[in-house]
Amino acid sequence: MKTGKVDAGNLTAEQLRKVYLEYMAAEKHAIIGNASLIPEHDPSVLFTTAGMHPLVPFLLGEPHPAGPRLANVQKCLRTVDIMEVGDDVHLTFFEMLGYWSLGDYGKREAIRLAHTFFTRVLRLDPARLSITCFAGDEDAPRDEPAAAIWQSLGIPPERITYLPKEENWWGPVAVTGPCGPDTEIFYDVDPAGPAGANPAADPGRFWEIGNVVFIQYDREENGRYRRLPELMVDTGLGFERILTILQGAPSPYETGLFRPLVSEVETLAPAPEPFGVRVVADHARAATFILAEGVTPGNSDRPYIARRLIRRAVRYGHEMGIEGPFLARLAATVVETMGDAYPHLVEAQDQIRALLQTEEQKFQRTLRRGRAEFERVAAQYDNRLPGDVAFKLYDTYGFPIELTQELAAQQGLAVDMDGFQRAFQAHREKSRRGAAERFRGGLASQ
Ligand code: ATP
Ligand code: MG
């Protein structure tokens with residue numbers, strides 16, 4: 001591939017995926033498919049959270065049918081990041097650009113591949129890259145080889161930080177098993193800021209755009225780390241963060257990937273507010289992808305995540321003055337902008353629309369009933385709404401506590417949140433005891 005020919009500054013999402021895969025193919029990687037968002041072999045996790053997830057058996061030694069050098073673009077979903085959404089870097093649903101070596105190449109090649117992609121193919125300014133490497137401890141030595149490789153590629157030592165296991169170590173998945181140090185790549189979005197900052201300590205300024213893991217050790221039963229005969233490489237690069245940088249946007253929401261969706265939210269909302277717009281756009285997109293997998297909103301596991309995303313989006317939409325159902329319209333925009341890369345969205349669009357409509361109607365009804373009940377009870381108080389009253393709205397009417405707080409504030413009422421928490425805890429204790437009683441009763445009657 002003629003890496004010099006890419007006008008990286010103008011890449012669209014579609015082109016970035018293509019440029020990445022072409023680069024990896026030219027670097028002799030087999031391009032493997034984009035696995036389902038629902039892990040096939042791993043019932044312990046709800047969603048595919050990283051590109052390596054579907055590849056775990058192969059990283060553990062099973063030979064991959066496509067060979068030892070693999071790459072792809074993988075759709076991912078992280079429920080742990082839902083509360084981060086609204087910042088400039090975390091999305092619930094995102095895409096990861098991955099490449100793997102299953103005992104083929106080593107550290108030098110793994111690092112060179114990332115460095116070449118960022119600085120030659122995409123032409124990111126090398127002076128804005130910062131690197132972290134594993135600091136070393138009683139289990140495994142400091143990853144000086146990785147740092148030396150970065151330095152040989154032109155990264156100055158003051159831009160390389162050594163950090164402990166919490167930051168720069170991956171695995172094992174269970175108590176024992178393969179694991180190893182990683183090296184993370186950060187892009188400085190504020191190069192005028194003070195020099196020498198630790199990238200991991202300032203995530204607003206240093207965006208983590210990639211992580212290269214060297215699976216080099218086996219953690220044994222006795223807690224010792226045994227060096228593995230073969231090195232495995234697992235790399236994940238952040239697609240939306242890279243696209244944001246290339247398009248010179250302040251966050252993914254201003255890139256071509258999100259713009260149509262964001263404009264739609266802003267048009268629908270009489271009183272758009274930046275954080276709410278981001279949450280609604282992110283959640284509509286994530287929910288669309290979950291529903292496309294055949295998940296129906298419900299009360300536990302994956303169905304619950306779908307429900308939570310939909311309801312949170314509706315709640316924020318409602319706060320911005322959107323009346324009536326709107327998520328199906330946003331889903332249509334998601335399908336329009338992402339359908340080329342993800343044709344399964346197009347196939348599932350009728351089903352997505354129907355599920356969104358049903359779920360949204362249900363929640364709108366909850367909101368209406370809760371609101372009526374709120375008006376009725378709130379009229380009885382002058383300046384403080386008792387916690388147990390707020391809890392009853394939440395528990396009996398399914399009315400979100402944030403909405404109670406908001407409506408109360410509009411009437412000059414404060415909600416007794418400590419009282420709410422106490423009522424919440426007491427209720428949890430009671431239902432736990434109830435479950436234990438039922439359980440014992442069940443055993444006794446056998
Ligand atoms: P962060 O510390 O920023 O949350 P992470 O350490 O959780 O990132 P990894 O698990 O190493 O990230 O994932 C590999 C890459 O995927 C990251 O370097 C980042 O570019 C991207 N990434 C991770 N989480 C998200 C997310 N929620 N939204 C968008 N991109 C993400
Ligand atoms: Mg994270």
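The model is a predicted one, in which local features need pLDDT of at least 70 and side-chain atom pairs count only at pLDDT 80 or more, whereas totals for chains, interfaces and linings use all residues. Residues are numbered from 1 along each chain as its sequence is written, chains are lettered from A and ligands numbered from 1 in the order in which they are written, and side-chain values use heavy atoms, with hydrogens and water left out.

An oxygen atom of ligand 1 lies 2.9 Å from an N or O atom in the side chain of Asn211, and a polar side-chain atom of Arg241 is likewise 2.9 Å from an oxygen atom of the ligand. The backbone also takes part, with a polar atom of Gly210 found 3.4 Å from an oxygen atom of ligand 1.

The domain assignment, which is automatic or taken from a database, divides the protein chain into domain 1 (8-252), domain 2 (258-379) and domain 3 (382-441). Taken over C-alpha atoms, the centres of domain 1 and domain 3 are 42 Å apart.

Because domain 2 and domain 3 both give residues to its lining, the second largest pocket lies between them. A pocket is here an open set of points on a 1 Å grid over the protein atoms alone, where a 1.4 Å probe fits, with protein on both sides within 12 Å along at least five of seven lines, and lining residues have an atom within 4 Å of a point. The space in this pocket amounts to about 640 Å³, the volume being that filled by probe spheres set on the points, which are joined across faces, edges and corners. Its lining comprises 18 residues, with Tyr304, Arg308, Tyr394, Pro400 and Glu402 nearest the centre. At least two lining residues come from each of α9 (301-319), α13 (387-397), α14 (401-410) and α15 (417-444), helices being DSSP runs (H or I, at least four residues) numbered from the N terminus, and α9 gives the most, with seven.

Within α13, the residues Gly387, Val389, Ala390, Phe391 and Leu393 are buried, that is, under 20% relative accessible area with a 1.4 Å probe and protein chains only. Just after α13, Gly398 adopts a positive phi of about 65 degrees.

Definitions and conventions:
Buried < 20%, exposed > 50% of the residue type's maximum accessible area, 1.4 Å probe, protein only. Polar contact = N/O pair within 3.5 Å; in protein donor to acceptor, adjacent residues only side chain to side chain.
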